[in-house]
Amino acid sequence: MKHLRQLEDQSVYILREAYKHFDNLAMLWSIGKDSTVLLWLARKAFFGSVPFPLIHIDTSYKIPEMIEYRDRLAREWRLNLVVGQNKEALAAGMNHTLGRQVCCTALKTNGLKQVIEEHHFNGIILGVRADEEATRAKERYFSPRDKNNEWDFRDQPPELWDQFKTTFPPGTHIRIHPLLDWTEINIWEYIKLENIPFISLYLDQGSGMRYRSLGCAPCTMPIKSTAKTVDEIIEELRNTNVAERAGRAQDEGRGMELLRKDGYM
C-alpha cells in the first residue's frame, strides 16, 4: 500500500504541475483500465472534479460495452467529454481490412490531431505506462512534440531526480504521462485499493476468456483466462510471461513505434 500511495502522490503532483504550466489542457480517455485510473487520480488531484476536457477518439469500431461504460461514467462524474471522430475517413470507407497501421493512423492518430487542432489544445495527458510496450519506455513525464504532433523519441529532454522540464518554445505540443512509473499489477492493485469502477470486459464472464487490453473490436482479441475478480487478475499477472498487448494487432513488428512517432496515443 505504501508503494501505491507513493505512485499516487507522484501522479497527482504531475497532474497539478501540468495544470499549472499549460493553459489549454485535455486528458485522453480510452476507457481502458489505465486511463480510468488516471481519470480517478485527476479527480483526486482536483478535489472531486476534473478541470479540463476528457477526449475520447471514437473509431466507430469500439466494443459496444466500452461506449456504454463511457457514457455512464461521464454522466455520473459530470465529465466534460469531447468525442472526436475522423468522419471524413469513415465516410470514405476506412477500416482495418485496408491495413491496421493505415486504419489506426486515419481513425486514431488523425482523429486525435483533428480534435487538438479544433480546440487548440497545447497539452494532452495520457495514461501511458513504461512497462506496457517498448516505445512507451522511451517517453518522459513531459514529452514534447513538434507542431505536427510528431514525436522524436531519439531527442527527449532529461528528467533527473524528479526535475521536470515544463517550459518549451512556442508552438510545442506536450504529452504528459503521469502513470509512467506504474506497472500493470500496480494498476490493478490500485483499482482494488480504491474500489475504482472498471469495465467488465476485463473479467471472465464464464467463457474462459477475458480482455487484458482494450481497443477496437476487429483488432483486439481476448486472452484465455478464468480470472473473475481483481484479486484473480493480480495473481494471474504475477505468474504470466505473456506480453500485456499480445492481443493488440497494431503492435506487430514496428507498427506501434511508427504510429507513436506520427502522433499516436
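This report describes the fold, the packing and some single residues of a predicted protein model.

## Basis of the model

Because the structure is predicted, local features are taken up where pLDDT is at least 70 and side-chain atom pairs at pLDDT 80 or more, while totals for chains, interfaces and linings use all residues. Residues are numbered from 1 along each chain as its sequence is written, and side-chain values use heavy atoms, with hydrogens and water left out.

## Overall make-up

The secondary structure of the protein chain comes to eight helices and eight strands, where helices (H or I, at least four residues) and strands (E, at least two) are DSSP runs numbered from the N terminus. Of the 265 residues in the protein chain, 55% are buried; buried stands for under 20% relative accessible area, exposed for over 50%, and partly exposed for what falls in between, with a 1.4 Å probe and protein chains only. Among contacts (heavy atoms within 4.5 Å) between residues at least 6 apart in sequence, 76% join residues at least 24 apart.

## The nonpolar cores

A nonpolar core is a set of buried Ala, Val, Leu, Ile, Met, Phe, Trp, Tyr and Cys residues joined through side-chain atoms within 4.5 Å. The largest such core has 67 residues, and those with the most contacts inside it are Leu15, Val37, Ile55, Phe142 and Ile176. Helix H2, which covers residues 33-45, gives the most to this core, with seven residues. Apart from it lies another core, of five residues, among them Ala89, Cys103, Ala106 and Leu107.

Ile176 shows what such packing looks like from one residue: leaving aside neighbours within four places in sequence, Ile176 is in contact with residues including Ile14, Ala18, Phe22, Leu25, Tyr141 and Phe142.

## Aromatic rings and charges

Rings of Phe, Tyr and Trp (its six-membered ring) pair if their centres lie within 6.5 Å, and planes under 30 degrees apart count as stacked, over 60 as edge-to-face and the rest as tilted. By this rule the count comes to nine aromatic pairs. One of them is formed by Trp29 and Tyr69, a tilted pair with 6.4 Å centre to centre and 55° between the planes. Trp29 lies in the loop between strand S1 (25-28) and H2, and Tyr69 in helix H3 (residues 64-76), so the pair ties together parts that are 40 residues apart in sequence. Both Trp29 and Tyr69 are buried. Elsewhere, Tyr19, Phe46 and Phe52 form one aromatic cluster.

A charge counts as sitting over a ring if NZ of Lys or CZ of Arg is within 6 Å of the ring centre and within 35 degrees of the ring normal. Arg43 meets this rule with two rings, lying over the face of Trp40 at 5.8 Å from the ring centre and over the ring of Trp77 at 4.1 Å from its centre.

## Buried polar residues

Arg70 lies in helix H3 and counts as buried, at 7% relative accessibility. The side chain of Arg70 makes a polar contact with the side chain of His56 at 3.0 Å; a polar contact is a pair of N or O atoms within 3.5 Å, where within protein one must be able to donate a hydrogen and the other to accept it, and residues adjacent in sequence count only if both atoms are side-chain atoms. Beyond neighbours within four places in sequence, the residues in contact with Arg70 include Trp29, Asp58 and Leu81.

Asn86 lies in the loop between strand S3 (81-84) and helix H4 (87-91), and at 7% relative accessibility Asn86 also counts as buried. The side chain of Asn86 reaches the backbone oxygen of Ala106 at 2.8 Å.

## Cysteines

The structure holds zero disulfides, a disulfide being a pair of cysteine sulfur atoms within 2.5 Å. The sulfur of Cys103 is 5.9 Å from the closest cysteine sulfur, in Cys104, too far for a bond. For Cys219 the closest cysteine sulfur is likewise in Cys104, 6.1 Å away and too far for a bond. Cys103 is buried, with a relative accessible area of 9%, and Cys219 counts as buried at 10% relative accessibility.
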